[in-house]
Amino acid sequence: MRKSLYPALGVALVAGAFLVPGNVVAAAESPDISVTNTKAHLDQLQSIATNNGGNRYTGRPGYKASADWVKSKLDAAGYTTTLQSFITSAGTSYNVIAEWPHGDANHVVMAGAHLDSVSSGPGINDNGSGSAGVLETALAYAASGQTPRNRLRFGFWGAEELGLLGSKYYVNNLPATERDKVELYLNFDMIASPNPGYFVYDDNPAGDAARDDLVAYFTSKSIQTEYIDVQGRSDHAAFRSLGIPTAGTFSGAEGIKSSAQAAKWGGTAGQAFDRCYHRSCDTISNLDLTSLDRQIDAIGHMIWTYAQKDYTGGPPPTGANLLQNPGFESGTANWTGTTGVITNSTSRPARTGSYKAWLQGNGRTSTENIGQSVAIPATASTAALSLWIRIDTAETTSSTVYDTVKVQVVDGSTAATLATYSNLNRSTSYVQKTLDVSQYKGKTVTVRFVGQEDSSLQTSFVIDDVALTAG
């Protein structure tokens with residue numbers, strides 16, 4: 001990873017149960033990418049560095065040997081590969097580009113990592129780890145027998161440590177028509193730091209869906225994440241500058257792990273995520289294999305999933321959630337309504353993650369609402385709206401309704417109430433409700449929640465993990 005500046009970190013908005021991205025069809029179960037094989041690739045990169053002056057720096061023999069070795073592995077697996085050369089101040093450098101010769105070439109899903117090290121060491125975590133993870137994922141996909149819907153492409157970048165030169169050269173030399181075919185670029189830079197964190201890129205709104213899918217994947221494995229604003233610090237920057245959706249992961253560099261981070265991730269507070277960052281000690285001993293194992297499985301999950309994503313605008317798959325940001329973990333994104341309803345306040349717990357919709361709880365006369373427009377396919381045989389709701393109240397009555405929340409569907413100017421919950425439905429934990437919305441097939445409607453409270457004694461209606469699925 002380039003530069004010594006460590007960017008500010010933000011807490012990730014952890015998603016709930018894993019959701020397959022919209023318009024993904026026939027995606028195979030996420031693979032277990034071999035950490036043993038990935039470690040063997042790192043052993044090879046260490047050997048190359050040891051035999052070539054102790055580094056794999058651009059313009060020196062260790063880098064060219066690294067590029068040649070990666071290309072040979074991909075050639076043997078059946079990829080169409082290119083060794084793309086370009087000139088730098090340190091000498092000639094190379095990008096290795098590998099394409100799986102199957103799938104729709106008009107829709108390209110790409111993953112990459114920089115292959116070069118700094119001059120002072122072999123760069124086994126920075127960024128042998130990302131390169132080895134991407135390489136093993138590519139090899140595993142080739143061996144899997146999968147038939148991708150989209151074209152898969154992998155990039156191993158040269159001269160990242162000189163200013164992201166390899167990825168910039170690649171993108172700048174793609175014809176505009178070819179750039180437009182790249183639907184997603186995923187970047188993996190330093191994924192095995194010895195005092196690791198689990199950071200997910202959050203610096204490109206176009207890539208928010210992929211970002212959320214990474215977070216949801218880690219959450220499904222009970223791994224907490226944090227967002228990180230990487231911006232110009234790694235090779236996704238060239239893709240991002242062209243408006244291409246980007247996402248990625250990172251396990252930390254010279255930044256210091258906080259006590260809170262050590263509490264949730266383990267490791268040592270008050271020490272750098274990688275004390276050997278850009279130093280000669282970034283060797284094969286400078287790795288956390290647990291982090292590596294978890295991160296490469298996330299790479300595999302994203303490649304297996306997005307290889308099958310339908311970018312042609314076809315209908316979403318059976319059972320997919322038609323709502324965007326259904327767990328509110330991206331704040332108010334895709335939802336409209338009363339300001340402040342979507343919140344990460346700790347006064348009322350979310351069911352999953354940090355955010356939820358908290359309607360009412362004011363203890364005074366008020367009305368609040370949130371809603372989202374959604375298109376329900378005409379081809380669906382069934383359609384259902386589900387939500388999780390937790391209700392607590394200061395009302396003491398067991399017979400009188402004072403405060404309510406209504407679940408509504410708005411079709412044009414007509415609002416139909418599907419269900420009403422009140423202070424009489426108090427619950428100490430979240431309860432799931434499922435409602436039939438099949439009558440709205442073929443229509444674009446608004447799903448809306450409307451809370452109403454009387455003049456005294458609060459009732460809080462807390463809603464999370466909403467789904468509208470069509471079968």
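Where does UniProt place the feature "domain: Peptidase M28"?

1. **The annotated domain.** The UniProt record, an unreviewed entry, puts that feature at residues 95-300. UniProt positions follow the numbering used here, feature names are shortened, and annotations may be inferred rather than shown by experiment. Over residues 95-300 the chain is 34% helix and 20% strand, with 22 Å between the end C-alpha atoms. Helices (H or I, at least four residues) and strands (E, at least two) are DSSP runs, numbered from the N terminus.

2. **Ground rules for reading on.** This is a predicted model, in which local features need pLDDT of at least 70 and side-chain atom pairs count only at pLDDT 80 or more, while totals for chains, interfaces and linings use all residues. Residues are numbered from 1 along each chain as its sequence is written, and side-chain values use heavy atoms, with hydrogens and water left out.

3. **Helix α1 against α3.** Let's start with α1 (residues 35-50) and α3 (residues 124-144), whose axes come within 9 Å and cross at roughly 130 degrees. Axes here are lines fitted to C-alpha atoms, for helices over the stretch in contact, and angles run from 0 to 180 degrees between N-to-C directions. The two helices are therefore oblique to each other; angles under 35 degrees count as roughly parallel, over 145 as roughly antiparallel, 65 to 115 as roughly perpendicular and the rest as oblique. α1 passes α3 in a right-handed crossing (left-handed if the near helix is turned anticlockwise from the far one by less than a right angle, right-handed if clockwise). Contact means heavy atoms within 4.5 Å, and on the α1 side the residues that meet α3 include His-41, Leu-42 and Leu-45. Their counterparts in α3 include Ala-132, Leu-135 and Leu-139. By class, the contact of α1 with α3 has 6 nonpolar, 7 polar and 1 charged residues. Ala, Val, Leu, Ile, Met, Phe, Trp, Tyr, Cys and Pro count as nonpolar, Asp, Glu, Lys and Arg as charged, and the others, Gly among them, as polar.

4. **Helix α1 against α9.** With α9 (residues 289-306), the axis of α1 comes within 10 Å and the crossing is at roughly 115 degrees. That makes α1 roughly perpendicular to α9, and the crossing is right-handed. Val-35, Thr-38, Lys-39 and Leu-42 of α1 meet Leu-289, Leu-292, Asp-293 and Ile-296 of α9. The class count for this contact is 5 nonpolar, 1 polar and 2 charged residues.

5. **Helix α1 against α2.** The axes of α1 and α2 (residues 61-77) come within 9 Å and cross at roughly 150 degrees, which makes α1 roughly antiparallel to α2. This crossing is right-handed. From α1, His-41, Gln-44, Leu-45 and Ile-48 meet Gly-62, Ala-65, Ser-66, Trp-69 and Lys-73 of α2. Here there are 4 nonpolar, 4 polar and 1 charged residues.

6. An open sheet of 5 strands runs in the order β10-β13-β18-β15-β16, with antiparallel pairing. β10 (336-337) and β16 (414-422) stand at the edges with a single partner strand each, so one side of each is left without a neighbour in the sheet. Two strands pair if DSSP finds at least two bridges between them. β10 has 2 bridges to β13 (residues 366-375), and Thr-336 has Gly-371 as its bridge partner. β13 and β18 (residues 444-453) pair over 10 bridges, with Val-447 as the partner of Gln-372. β15 (residues 404-411) is joined to β16 by 8 bridges, where Val-410 partners Ala-415.

7. **Another sheet.** β14 (residues 383-393) and β17 are joined by 6 bridges, and Trp-388 stands opposite Gln-432.

8. **Two backbone spots to look at.** Most residues other than glycine have a negative phi, and most peptide bonds are trans. The bond from Asp-126 to Asn-127 is cis, with omega near 0 degrees, and Asn-127 lies in helix α3. Phe-328, in the loop between α9 and β10, has a positive phi of about 65 degrees although it is not a glycine.
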